[in-house]
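Biologist: Can you put the structure up? I have some questions to go through.
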2 protein chains.
Amino acid sequence: MKRRRTQSQAKILNILKSSGSALSHEMLQSELEAEMDRATIYRVLNRFYDDGLVHKVVGDDGIQYFAYCAGCDKPNNKHNHNHFHFKCLKCGNVECLQDKIQIPLPKGYVLKDFNGLISGYCNRCS
Amino acid sequence: MKRRRTQSQAKILNILKSSGSALSHEMLQSELEAEMDRATIYRVLNRFYDDGLVHKVVGDDGIQYFAYCAGCDKPNNKHNHNHFHFKCLKCGNVECLQDKIQIPLPKGYVLKDFNGLISGYCNRCS
DNA sequence: TTTATTAATGCGACTTTGTTGCAAAATTAA
DNA sequence: TTAATTTTGCAACAAAGTCGCATTAATAAA
């Protein structure tokens, strides 16, 4: 299955890139000047995610946020996403924290995925 | 608003205590011998949460899991929940990891809440 | 013990998130 | 330009979680 270059994807990718923070489907919807179908947005985002173009965080609101991968080191195109995200309770912004975290797992446990999110107030809102 | 001792609450609390892991609404529902209304379960759990009796994790499936607080240190009844949870992708079990994590926040950032979840395979399933 | 107060439950309706099937539109290759 | 197949839009759907409101049940008062 070969990917195709479509307008929808370009628009969404642009918004993600220029935003610099992690966006929910809803935030994207409102950033888009023209209406785009909800299902399409989700499909584009998940495609990006599968291709390793963005990463995904699930907030403590249970909502998925997608962020363009800028500073991720990608050895053999595998992302290192072991970092935390920070969600501001006031302005709603979701951003990546730089520090990579190593979590010590008990013996026999195998890490597959990582979802770390801190809520609080960012430097502009505190 | 004074709390009352009800059967529903006792049952749910028992299940949470004896389970030892973090349970979703659905898991609780199936553990209960008698049917209990969905809304009631949620209300009981959120009450427990507000009272600091349990803590809440949101999985990367966007679902809330509630766990009875056993080993939490509670200085002045404030819980320290800065630990990770581990969710097994095979058996579905969600458990608390012991290590307390300190995340270095950038200057001006204020931590309010913490949600850390690792997915993978537990020692019984790996 | 009986009654009055009010918190908790059950039911229903609802909102929101996210997914999926299928026909129409758009992209790429031939 | 045509053919092949990926994407999109629409609709329908499932599941999680919340809320209003009448009824039930737990506590306090008489």
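Modeller: What follows is a walk through a predicted model, going by your questions.

Biologist: Start with the DNA. Which residues come nearest to DNA strand D?

Modeller: There are 27 residues around DNA strand D, and Ser8(A), Thr40(A), Arg5(B), Ala39(B) and Gln64(B) come nearest.

Biologist: Which helices supply at least two residues of that surface?

Modeller: From chain A, helix 1 (7–19) and helix 3 (38–50) do. From chain B, helix 2 (25–31) and helix 3 (38–50) do.

Biologist: And how do the residues of the surface near DNA strand D divide by type?

Modeller: They split into 11 polar, 9 charged and 7 nonpolar.

Biologist: OK, the sheet in chain A. What is the strand order?

Modeller: The order is 1-3-2, in an open sheet of 3 strands with antiparallel pairing. Strand 1 (23–24) and strand 2 (54–58) of chain A are the edge strands, each pairing on one side only.

Biologist: What packs on the sheet?

Modeller: Helix 1 of chain A does, touching strand 1, strand 2 and strand 3 of chain A. The direction of helix 1 makes about 80° with that of strand 3. Helix 3 of chain A also packs on the sheet, touching strand 2 and strand 3 of chain A, and its direction makes about 115° with that of strand 2 of chain A.

Biologist: How many bridges join strand 1 to strand 3 in chain A?

Modeller: There are 2 bridges, and the strands run antiparallel; strand 3 covers residues 64–68. One residue to look at is Leu23(A), whose bridge partner in strand 3 is Phe66(A).

Biologist: What else is Phe66(A) in contact with?

Modeller: Leaving aside neighbours within four places in sequence, the contacts of Phe66(A) include Leu16(A), Leu45(A), Phe48(A), Tyr49(A) and Val54(A). Phe66(A) also belongs to the largest nonpolar core, which has 52 residues. Within that core Phe66(A), Ala67(A), Phe66(B) and Ala67(B) touch the most other members.

Biologist: Now the contact between the chains. How many residues does each chain give?

Modeller: Chain A gives 28 residues and chain B gives 28 residues. On the chain B side, the elements giving two or more residues are strand 4 (83–88) and strand 6 (110–121). By type, the chain B side has 15 nonpolar, 8 polar and 5 charged residues.

Biologist: What does strand 6 of chain B pair with across the contact?

Modeller: With strand 6 (residues 110–121) of chain A, through 11 bridges, running antiparallel. For example, Val110(A) has Tyr121(B) as its bridge partner.

Biologist: Last one. Where is Arg3(A) found, and why does Arg3(A) count as exposed?

Modeller: Arg3(A) lies in the segment before helix 1 of chain A. Arg3(A) counts as exposed because it has 9 C-beta neighbours inside 10 Å, and the cut-off for exposed is 12 or fewer.

Technical notes:
Residues numbered from 1 in each chain as written. Chains lettered and ligands numbered in written order. Predicted model: local features only at pLDDT ≥ 70, side-chain atom pairs only at ≥ 80, totals over all residues. Near = placed C-beta within 6 Å. Helix = DSSP H or I, 4+ residues; strand = E, 2+ residues; numbered from the N terminus. Nonpolar A, V, L, I, M, F, W, Y, C, P; charged D, E, K, R; others polar. Pairing = 2+ DSSP bridges. Contact = placed C-beta atoms within 7 Å. Axes fitted to C-alpha atoms, helices over the stretch in contact; angles between N-to-C directions. Core = buried A, V, L, I, M, F, W, Y, C linked by C-beta atoms within 7 Å. Buried ≥ 20, exposed ≤ 12 C-beta atoms within 10 Å, placed from the backbone.
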